[in-house]
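Please look over this chain with me. Keep the sequence and the 3D view side by side.

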Amino acid sequence: LPFWLCEPLSCLARAVWCCVQGVLGALTRFALISHLFHGPDMFSVAPASFRTLRRHVPDFIITDFLTKSIMKQLRGVIGLVFGLSVLWRIDQKEHL
């Protein structure tokens with residue numbers, strides 16, 4: 001059991017840190033997407049993407065959560081399909 005779980009202020013600090021880390025990660029991902037679509041360097045695209053995200057805060061939080069969940073499931077499914085196809089191919093080669 002981690003020590004910070006026993007202290008209320010440490011739990012609060014950890015929760016705030018997780019929220020800040022999630023929002024910064026989402027902002028970084030959406031700035032990168034904006035950079036890919038618009039083309040100029042990241043520093044000129046960042047203010048525009050921040051303004052857009054500030055207008056749509058609930059939408060981008062929901063989108064970020066759903067994107068993470070879907071990508072995690074997709075990675076698992078792709079890994080499973082790849083592993084099963086390798087096993088199937090080995091069985092075919094060895095006539096099992």
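Predicted model: local features only at pLDDT ≥ 70, side-chain atom pairs only at ≥ 80, totals over all residues.

1. Residues are numbered from 1 along each chain as its sequence is written, and side-chain values use heavy atoms, with hydrogens and water left out.

2. Mean pLDDT (the predictor's confidence in each residue, from 0 to 100) is 83 for the chain. Of its residues, 98% reach 70 or more. Confidence is lowest in helix α2 (residues 42-55), with a mean of 77. It is highest in helix α3 (residues 57-93), at 88. Helices are DSSP runs of H or I, at least four residues, numbered from the N terminus.

3. Helix α1 (residues 8-38) and α3 have axes that come within 10 Å and cross at roughly 85°. Axes are lines fitted to C-alpha atoms over the stretch in contact, and angles run from 0 to 180 degrees between N-to-C directions. So α1 is roughly perpendicular to α3 (65 to 115 degrees). From α1, the contact (heavy atoms within 4.5 Å) uses G22, A26, L27, R29 and F30. From α3 come F60, T63, D64 and K68.

4. α1 and α2 pack at about 115°, with axes 9 Å apart. On the α1 side, L27, F30, A31, L32, S34 and H35 make the contact. On the α2 side, M42, V45, S49, F50 and L53 do.

5. α3 has 37 residues. From first C-alpha to last, α3 reaches 53 Å, close to the 54 Å expected at 1.5 Å a residue. H95 follows α3, and its phi is positive, near 55°.

Technical notes
Helix = DSSP H or I, 4+ residues; strand = E, 2+ residues; numbered from the N terminus. Parallel < 35°, antiparallel > 145°, perpendicular 65-115°, else oblique. Expected span 1.5 Å × (residues − 1).
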